[in-house]
Structures are given as C-alpha cells and as structure tokens.
Amino acid sequence: MSIILKTENLKAFYILKYLGEERVIKAVNGINLEIPENEIYGIAGESGCGKSTLLKVLLATLDPPLKHIDGSLYYNFDNNFIDVLRSPKEELKKFRWKFISYIPQGSMHVLNPVKKVKDTFLEFLESHVKEKDKKDYLELSIEHLRELGLSPETLEAYPHQLSGGMRQRVVIALSTLLHPQIILADEPTTALDVVAQRAVIQLLKRIQNTLQNTIIIVTHDMGIHAQITTKMAIMYAGKIVESASTKEIFKNPLHPYTKYLIQSLPHIGDKEPREGIQGSPPSLISLPPGCAFHPRCPYAQPICKSEEPTLKEVSSEHKVACFIAS
Ligand SMILES: Nc1ncnc2c1ncn2[C@@H]1O[C@H](COP(=O)(O)OP(=O)(O)OP(=O)(O)O)[C@@H](O)[C@H]1O
C-alpha cells in the first residue's frame with residue numbers, strides 16, 4: 001500500500017482582525033493523515049469542524065486570512081515526497097489539475113451561465129494542455145464524457161438547461177479531464193435530491209475505478225460515507241479523532257463522537273426521530289481545555305478535562321484519540 005498524500009502535525013489558522021484585536025480560528029489544528037493510493041477516503045464531522053478548510057490546505061491554496069502555521073503536507077509525486085507548503089508557488093502550479101484536482105462545494109454554480117459547457121471545457125484545456133488544436137480539445141472532451149458514461153451532447157448545453165445533478169456531474173467531469181491522481185471533493189452531493197445523489201456517487205465510483213486514483217471526499221453525511229468511501233477519518237474541532245476503514249468505523253466505532261454520528265443516522269422502520277448529538281461543537285477561537293469533545297461527552301473523566309488525547313493505533317489501521325476508548 002503506497003501513500004499518495006500525507007500530513008504531519010499540519011496547522012492552518014484563520015487570522016482575523018476584529019475591532020483592533022486579533023482573532024485566531026484554529027480550523028486545521030495538528031492533522032496527521034496518511035492517505036493511500038487507490039482509495040475513496042472520507043472525512044466526516046459536523047458543520048464548522050474544519051473539513052472544508054482542510055481540503056483547501058491539502059490543495060495548497062492558502063489565501064489570507066488562512067495561514068499555514070506549522071507542520072507539513074507531502075504529495076507523493078513519482079515516488080518522491082514533495083514538501084508542498086514549502087515549495088515555490090510556481091512549482092505548485094504543475095501539480096494542480098494534473099496531479100491533484102478539486103471539486104468545490106456548491107460546484108453546480110461554478111459553470112459560466114452565459115457560455116456553453118463546451119466552451120468552458122475548451123478554455124480549461126487551452127490553459128492547461130499545450131500543443132493541441134481546437135478539434136483535438138473537443139475530441140478529448142467528448143472522449144472523457146463518454147468514458148464517464150455522460151452524453152457528449154451535454155457539451156452543447158448552457159448550464160441553465162441542465163438539472164442541478166447534471167451540472168454537478170459536468171463539473172466533476174471537468175475537474176477530472178486531466179486524469180488527476182488525487183481528487184478532493186467538498187460535499188459533492190449536498191443540496192441534491194436522492195436520485196441525483198446516487199448518480200453523483202456512481203460517477204465518482206466509476207472515475208476511481210477507471211483512473212485507479214484516490215478520491216478524498218468531505219461530507220457531514222455519514223450515509224454518503226457508508227455508500228462510497230473505503231477508509232475514513234472523523235474530524236472534530238480541527239483535529240482527527242478517529243480513523244479506520246469505513247467498514248470498521250461503522251462496525252466498531254470507538255470514539256463517543258463517532259458513535260453519536262452513526263447513531264443519529266435514520267434507519268428504515270424508525271418510529272421516532274433519532275436523537276442528535278447534544279450541544280454544539282466548540283468555538284474554534286477558544287477551545288475547551290483537554291479533549292475538545294469533553295463538554296458533550298457522557299463518558300468524560302477528570303483526565304479528559306485537563307489533558308488532550310493523541311491519536312493512537314488501537315488495532316491494525318484503527319486509530320482513536322480518546323482516553324476512554326484507547
Ligand atoms: N474565509 C474564512 N474566514 C474566516 N473564517 C473562516 C473562513 N472559512 C471558514 N472559516 C471558519 O473556520 C471554521 C471551519 O470552517 P470549515 O468551513 O472549514 O468547516 P466545515 O467542517 O467544512 O463546515 P461546513 O460544512 O459548514 O463548511 C469555522 O469556524 C468557520 O467559520
């Protein structure tokens with residue numbers, strides 16, 4: 001199993017000035033991840049725990065007020081680990097779209113409303129692939145859509161002529177035109193009905209199967225993780241609190257937060273609504289001492305209020321950051 005992307009104690013904070021005072025939002029706060037190639041890797045957690053920010057950092061797009069504070073991000077490019085956040089910006093351009101690409105949150109609004117889909121595809125290829133004539137770009141786009149099971153006729157449409165689900169699939173096709181080895185997808189199924197969600201899931205699975213690459217999916221929806229991911233990490237308050245294969249996470253969740261996330265999933269035959277997690281995630285500006293989950297944890301012990309648990313391996317490839325569970 002080869003690692004395609006890894007982070008070591010990665011920290012990136014939003015630094016804001018508010019009424020003359022500095023406010024620091026610790027959105028990515030000491031992340032250690034090792035993501036293998038040829039997997040669909042999920043990152044789960046409630047809204048506001050830092051998932052989207054982590055994806056921005058993994059793509060190495062840190063624009064103010066987001067700032068790299070500490071730690072490292074490595075891409076395994078041709079069997080060399082590149083220290084991405086310490087590489088010159090010009091150097092990083094060669095990775096974007098060809099090695100690593102990004103499907104942004106709400107991507108169905110990404111397409112230019114006054115241009116045919118075809119023109120967006122051609123412009124993208126023109127700016128990223130050299131030495132081709134226009135016809136070749138068109139052939140490449142048609143071939144790619146066919147490969148993904150999408151109709152090439154879509155290229156002749158304007159975005160408003162496509163359904164929300166179809167627009168999302170077109171943006172996914174656009175992000176994968178250059179066959180990247182890593183695809184980062186931010187909430188790719190959010191705001192879609194279940195039929196459109198299913199089509200997006202099938203498309204992502206098909207892409208992974210065809211390219212044999214790695215897809216990293218961020219979503220708060222544990223149901224989506226269960227359907228598509230093969231390995232996953234649970235994020236809480238800017239940190240990873242548990243990671244394992246998706247099967248293991250659902251069969252044997254160890255962290256009380258993971259258990260809550262799974263318990264709150266609806267089941268067929270439920271007579272009453274499922275209970276959500278009590279309380280809400282802490283402010284990332286002033287985190288509680290010790291384990292950030294302790295104020296919401298029914299099993300919290302005195303140690304949880306004073307010391308911060310680290311992510312420890314408890315069985316093969318199953319890691320958890322919890323004094324009670326490890
Ligand atoms: N551009 C920004 N400037 C300042 N703070 C930000 C910015 N973007 C996000 N944040 C803050 O960073 C924290 C983490 O947000 P992030 O969007 O990464 O979480 P998330 O888990 O992806 O949640 P969601 O699913 O709601 O996007 C939140 O407190 C959020 O308010």
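The radius of gyration used here is taken over C-alpha atoms, and the globule rule is 2.2 Å times the number of residues to the power 0.38. With 326 residues, a compact globule would come near 20 Å by that rule, and the chain agrees with its 21 Å. Along the principal axes, the C-alpha atoms of the chain fill a box of roughly 70 × 55 × 45 Å.

Before we go further, a word on what you are looking at. This is a predicted model, in which local features need pLDDT of at least 70 and side-chain atom pairs count only at pLDDT 80 or more, while totals for chains, interfaces and linings use all residues. Residues are numbered from 1 along each chain as its sequence is written. The chain has a mean pLDDT (the predictor's confidence in each residue, from 0 to 100) of 91, and 95% of its residues reach 70 or more. For the complex, the predictor gives an ipTM of 0.97 and a pTM of 0.93.

The chain holds 10 helices and 12 strands; these are DSSP runs numbered from the N terminus, with helices being H or I of at least four residues and strands E of at least two. Of the 326 residues, 39% are buried. Here a residue is buried if 20 or more other C-beta atoms, placed from the backbone, lie within 10 Å of its own, exposed if 12 or fewer do, and partly exposed in between.

Let us start at the ligand. Around the ligand stand 14 residues, of which Tyr14, Ser47, Lys51, Ser52 and Thr53 come nearest; a residue counts as near when its C-beta atom, placed from the backbone, lies within 6 Å. By class, this shell has 6 nonpolar, 7 polar and 1 charged residues, where Ala, Val, Leu, Ile, Met, Phe, Trp, Tyr, Cys and Pro are nonpolar, Asp, Glu, Lys and Arg are charged, and the others, Gly among them, are polar. Strand 2 (21-36) and helix 1 (51-58) each supply at least two residues of the shell, and helix 1 gives the most, with 3 residues.

Ala60, which follows helix 1, has a positive phi near 65°.

Two other helices show a one-sided pattern. An α-helix has 3.6 residues a turn, so residues three or four places apart point the same way. In helix 3 (residues 117-128), Val117, Phe121 and Leu125 are buried. Seen down the axis of helix 3, these fall within an arc of 65° and so line one face; the arc is that of the directions from the helix axis to the C-beta atoms. The face turned away from the buried side of helix 3 carries the exposed residues Glu126 and Ser127.

Helix 6 (residues 194-211) has 18 residues and should span 26 Å at 1.5 Å a residue, which agrees with the 26 Å between its end C-alpha atoms; the expected span is 1.5 Å times one less than the number of residues. Gln197, Val200, Leu203, Leu204 and Ile207 are buried in helix 6. Seen down the axis of helix 6, the buried residues fall within an arc of 125°, so they line one face. On the other side of helix 6, Val194, Val195 and Asn209 are exposed.

Finally, Pro253 sits in the loop between helix 8 (246-251) and helix 9 (256-263). Pro253 is buried because 21 other C-beta atoms lie within 10 Å.
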